[in-house]
Amino acid sequence: MVRARQCAQATMFLTALVGHGAASADATSATSSAASTPAAKVRGVNLGGWLVLERWIKPSMMKDGFEDLAVKPKDQWTFTKYLGKEEAKERLTEHWDTWVDEDTFDQIKAAGLNHVRVPLGHWILGDIDEKEPYVDGDWHYFKRAAGWARERGIQMWIDLHTAPGSQNGFDNSGRFGNATWATSPENVDRTVTILGSIAKQIKDDGIDDVVTGFGLLNEPNTPTSFWTLLDFYNLGYAAVRAHLPDVRIYIGDGFKPADLNWFWDNTDAGNPITTHTVAMDSHVYACFNDDLRPMTPRQHIEQVCVHEREHVNECCWHKDTSLRNMERFVGEWTVAYDQTPSEELENMPVRPMTEARKIFLRQYAEAQMVVWEQDIMDVTNYDESGEVHHGVDMKGWFFWNFKMEHPAYIEWDYLEGVKQGWIPKFDGKDHDKLAAVDILHTCDALIAAAQPFYEGVVDPYPPLYLPP
């Protein structure tokens, strides 16, 4: 009986969520809400799987035409190596031309978004070593997309997603396997040169009014080369700033934002350069963490509203607890929560989109949007002396990804979520001037409405034990 009543309440909650276009009643009355924001928050999607291949985003790229191979390609390196440069260039050209097209930007604009984040390969301008199988030619399509973005008032934040030698050993670095980037001075120097070349090309092509954010390197994993990474950031900053004086240059937090709380703080003598217009990027995923995947819907909302909020607030502060010049945003997040991407998952029957799951996905999306757009006054903390200080002013977010090919990954597909109603649209009056909490629901309301049991929502893959 209790569960039936909770399900009924949740269904009414979803109806209200999908139906309301202006600020909800509880959101406008919430004590933690900022009335409005003076500047638009960053709301965007990643154009993943386009200029840097990732097998799971578009599995057909690594299957079609490779049927006779016992071992299929798994990244951009093996895709181009197996095909050879000529055939790889032909297939990639068709992919570059169609995976992101003008209609993509129409859909993004219609969803009320104002940004896209574009992962770039280090080979995009033809800096390809003779031992590398990569091919270029994709800059033409990137430049074309910048024109579509300009026409619709959408800004582009780019991100160097790969590096020579691989900065993390994942397929999203261009080559799966050993991460040797940080151990090779030649690779690091070459990457700095590539950053400068891309910045210069953006300036020369006259698209610096559209490309307003520049990420130096995606998710580097260099635990034994921490200072090498920081030196690279300083050199990369200078290389980009030489051509793009106003672009926002950002770095990743390495999933440990507190470790970088001092970095690029102009008041800290440990920083050898003075910076401006900089930001730190966080990536937040529950579905890769076995401690989080078996949570109930309510626990997932609490995880975002409490623990992930605390996590992103670990940077960026001065020693006196005042905020500093390093802005904060979340460059990758999703509403996938309990199933880790894999080829095995793709070969299983696709689980149905139950009403309970749809309700939760909407709640989960709203919770993250609210937290990733938090205002300074949304968080109150006390230092050791009892002095009050507030949270960082989160600038916004980019969802991963704009679309997916395989239905097993529907929770990663922002535009499909908008169509089905479990991703909210920001197309109402003054939505571009308001923070998410003033448009959607507060964390307190979302936690209260989320179901506290697994039924119809949680089904972990790979399988995990679900506590009673």
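Thr296 is placed in the loop between β6 and α9, where helices (H or I, at least four residues) and strands (E, at least two) are DSSP runs numbered from the N terminus. The model is a predicted one, in which local features need pLDDT of at least 70 and side-chain atom pairs count only at pLDDT 80 or more, whereas totals for chains, interfaces and linings use all residues. Residues are numbered from 1 along each chain as its sequence is written, and side-chain values use heavy atoms, with hydrogens and water left out. With a relative accessibility of 8%, Thr296 counts as buried, a term that stands for under 20% relative accessible area, with exposed meaning over 50% and partly exposed in between (1.4 Å probe, protein chains only). When residues up to four places away in sequence are not counted, Thr296 touches Gln451, Pro452, Phe453, Tyr454 and Val458, contact being defined as heavy atoms within 4.5 Å.

Helix α9 spans residues 297–312, and its axis comes within 10 Å of that of helix α11 (residues 355–372), the two crossing at roughly 15 degrees. Axes here are lines fitted to C-alpha atoms, for helices over the stretch in contact, and angles run from 0 to 180 degrees between N-to-C directions. The helices α9 and α11 are therefore roughly parallel to each other, since angles under 35 degrees count as roughly parallel, over 145 as roughly antiparallel, 65 to 115 as roughly perpendicular and the rest as oblique. On the α9 side, Pro297, His300, Ile301, Val304, Cys305, Glu308, Arg309 and Val312 take part, and they meet Phe360, Gln363, Tyr364, Ala367, Gln368, Val371 and Trp372 of α11. The residues of this contact divide into 10 nonpolar, 3 polar and 2 charged, with Ala, Val, Leu, Ile, Met, Phe, Trp, Tyr, Cys and Pro taken as nonpolar, Asp, Glu, Lys and Arg as charged, and the others, Gly among them, as polar.

Within helix α9 lies Cys305, which counts as buried at 7% relative accessibility. Apart from neighbours within four places in sequence, Cys305 is in contact with Ala367, Val371, Cys443 and Ile447. The C-alpha atoms of Cys305 and Ile128, by contrast, are separated by 44 Å, the two residues being 177 residues apart along the chain.

Aromatic rings were also examined. Rings of Phe, Tyr and Trp (its six-membered ring) pair if their centres lie within 6.5 Å, and planes under 30 degrees apart count as stacked, over 60 as edge-to-face and the rest as tilted. By this rule the count comes to 34 aromatic pairs. In one of them, Tyr285 and Trp412, the ring centres are 5.5 Å apart and the planes stand at 40 degrees, so the pair is tilted. Tyr285 belongs to the loop between β6 (278–284) and α9, and Trp412 to the loop between β10 (394–399) and α12 (414–420), so the pair ties together parts that are 127 residues apart in sequence. Tyr285 and Trp412 are both buried. Ring pairs also link Trp181, Phe226, Trp227, Phe232, Tyr233, Tyr237, Trp262, Phe263 and Trp264 into a cluster.

Asp268 lies in the loop between β5 (248–252) and β6 and is buried, with a relative accessible area of 18%. Thr277 is likewise placed in the loop between β5 and β6, but at 25% relative accessibility Thr277 counts as partly exposed. Although Thr277 is not a glycine, its phi is positive, at about 50 degrees.

A positive phi, of about 70 degrees, is also found at Ser166, again not a glycine. Ser166 lies in the loop between β3 (155–160) and α7 (185–204) and is buried, with a relative accessible area of 2%. As for the peptide bonds, a cis bond with omega of about 20 degrees joins Trp400 and Asn401, and Asn401 lies in the loop between β10 and α12. A cis peptide bond also joins Tyr461 and Pro462, with omega of about -5 degrees, and Pro462 is placed in the segment after α13 (443–449).
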